[in-house]
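Look at the charged side chains in the model below.

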Amino acid sequence: MPATTLDQLVSLCKRRGFVFPSSEIYGGLQGVFDWGPLGVELKNNIIASWWRTNVYERDDMEGLDAAILMNRLTWRYSGHEETFNDPLVDCRDCKSRWRADHIKGRCPNCGSTNLTEPRPFNMMFKTAVGPVADADSFAYLRPETAQGIFVNFGNVLATSSRKLPFGIAQVGKAFRNEINPRNFLFRVREFEQMEIEYFVMPGTEDEWHQRWLEDRLAWWESIGVPRERIRIYDVPPDELAHYSKRTFDLMYDYPTLGYEEVEGIASRTDYDLGSHSRDQEMLNLTARTNPNRDSTARLTFYDPESKRHVVPFVIEPSAGVGRCFLAVLAEAYDEQMVKAPPPERIGAVTDALEAFLKSVGRSDKLAPETRDALLERGQAILAGAPETMPQIETLLAMPGADQIELGKKLRGQAQGPIDEYFRTVLHLKPHLAPIRVAVFPLKRNHEGLVAMAQDIRRSIQTGGFFRTVYDDTGAIGRLYRRQDEIGTPYCVTVDFQSLDDGTVTVRDRDTMQQVRIPASEVRAYVSRSS
Ligand code: GAP
């Protein structure tokens, strides 16, 4: 079963080092996160999969990596200076600030309806370029990667001899000064986008829009996010961005959040290339653009058949890496009862949980919403026990839980049964797993076992196709659990039989079944799935 709450994912990411708050030792920076050792592997594998599918496996794509800093005129003619705004309101009572369209007229902090009128707030970050910070020296940190592609359209066309239709793909950082960053990686101020700008002949854009929709859904399926978990939102005309003729938002059913946008697929007409072109009056544009007296180029394609220059229309599939990471984790997440704990062990844990919740209810150290959140989660765990027992880890990682003394006792009571009778497992597609293979010696003090295990690790890792690790820091059962929780598809164990006949066991993460095969075949065995 996929994750049922966002907290399960937050807790896993924290305890296993997928994601850390940025500059945490100084109190963090709101809406900014760092990728830890496992997070960076999973994130890189997602990006690699996207790049392979959209660049290598197609005949009509080129890649690009444009700079984050761009001439600020880019953002004037793209329309961002004028329109990249969110409606900001202040609460007159508690002085907090909110995005008007997120709060339904009531301050989420103090409940007041005494709010200011919404006013536009531009979300682009500014920075100074060069030693003198004055009105002319600033640049924006890009709020999307797309514009780097549009302004390079002529360069790519001239150097790649492409014909329409073709596309340019790019992955990179984007920055938005979100008024209320929230929901972990979902809405942040620094994030990465995977964007394609696909250039087509005017008149063919509707057909390509549909084809991209299907292609993108197939990719989501290939990374473990099935079609039935995504809703297609055909954005109504009054909600469309200023450049869009039609947009399909792919809405993933996130735990806790419900259906939210994970990718947008926009039909952007000739707005972008037209906006960045000089001599617009000669280009027969369909889009309304601001006249451009600064650009030095006409971003057109010479069509040999009609013998005329056309401004291509654009289809843009644009996905956020962090939102994709969350969707992949949510789908892969599973808490399984491996065998039923005896009633007395369940009783000891539920007693400790009840005592903890009583203490939460009585505590005057906790803010009301923190207390209510803990109580709500704790009651749900009690009601679903024993299956829900592993969620005690998530409960104890929630804000405020560390202020309750009885939390330590609950952890002490719960840890043993959780380790013994349950496992958290990430059923990640093998090509996304941060670690493909873990190799263990049955005994860590045995020279022969250790040497053979390390040899196997080296032999699999050589060639660098996927990450392989050696681990001897616990009993085998515990090592399996640790690897299950981070999604490692295969665990190889070297035991005494291995020293006699050169075979090892390979355990499958999902079925927990083991096969015994010659050590020399392990590399081929773990390479077969993707
Ligand atoms: N070039 C088009 C564009 O940027 P967008 O809908 O604003 O369109 C595309 O952003 C994707 O980027 C979204 O579907 C989402 O996945 C991601 N994204 C946007 N803002 C984000 C934020 N503040 N935090 C995390 N991801 C974000």
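**Salt bridges across the fold**

Aspartate 90 and arginine 119 form a salt bridge, with their closest N and O atoms 2.7 Å apart. The term means a side-chain nitrogen of Lys or Arg within 4 Å of a carboxyl oxygen of Asp or Glu. Aspartate 90 sits in strand S4 (residues 85–90) and arginine 119 in strand S6 (residues 119–122), so the pair ties together parts 29 residues apart in sequence. Helices (H or I, at least four residues) and strands (E, at least two) are DSSP runs, numbered from the N terminus.

How accessible is aspartate 90? Its relative accessibility is 14%, which counts as buried. Arginine 119 is partly exposed, at a relative accessible area of 31%. Buried means under 20% relative accessible area, exposed over 50%, and partly exposed in between (1.4 Å probe, protein chains only).

This is a predicted model: local features need pLDDT of at least 70, side-chain atom pairs count only at pLDDT 80 or more, and totals for chains, interfaces and linings use all residues. Residues are numbered from 1 along each chain as its sequence is written, and side-chain values use heavy atoms, leaving out hydrogens and water.

Next, take aspartate 279. Aspartate 279 forms a salt bridge with arginine 298, at 2.9 Å between the closest N and O atoms. Both residues lie in the loop between helix H8 (271–275) and strand S14 (301–303), 19 residues apart. Arginine 298 is partly exposed, with a relative accessible area of 37%.

Glutamate 178 and arginine 187 also meet in a salt bridge, at 3.8 Å from N to O. Both of these residues are buried. In total, the structure holds 38 salt bridges.
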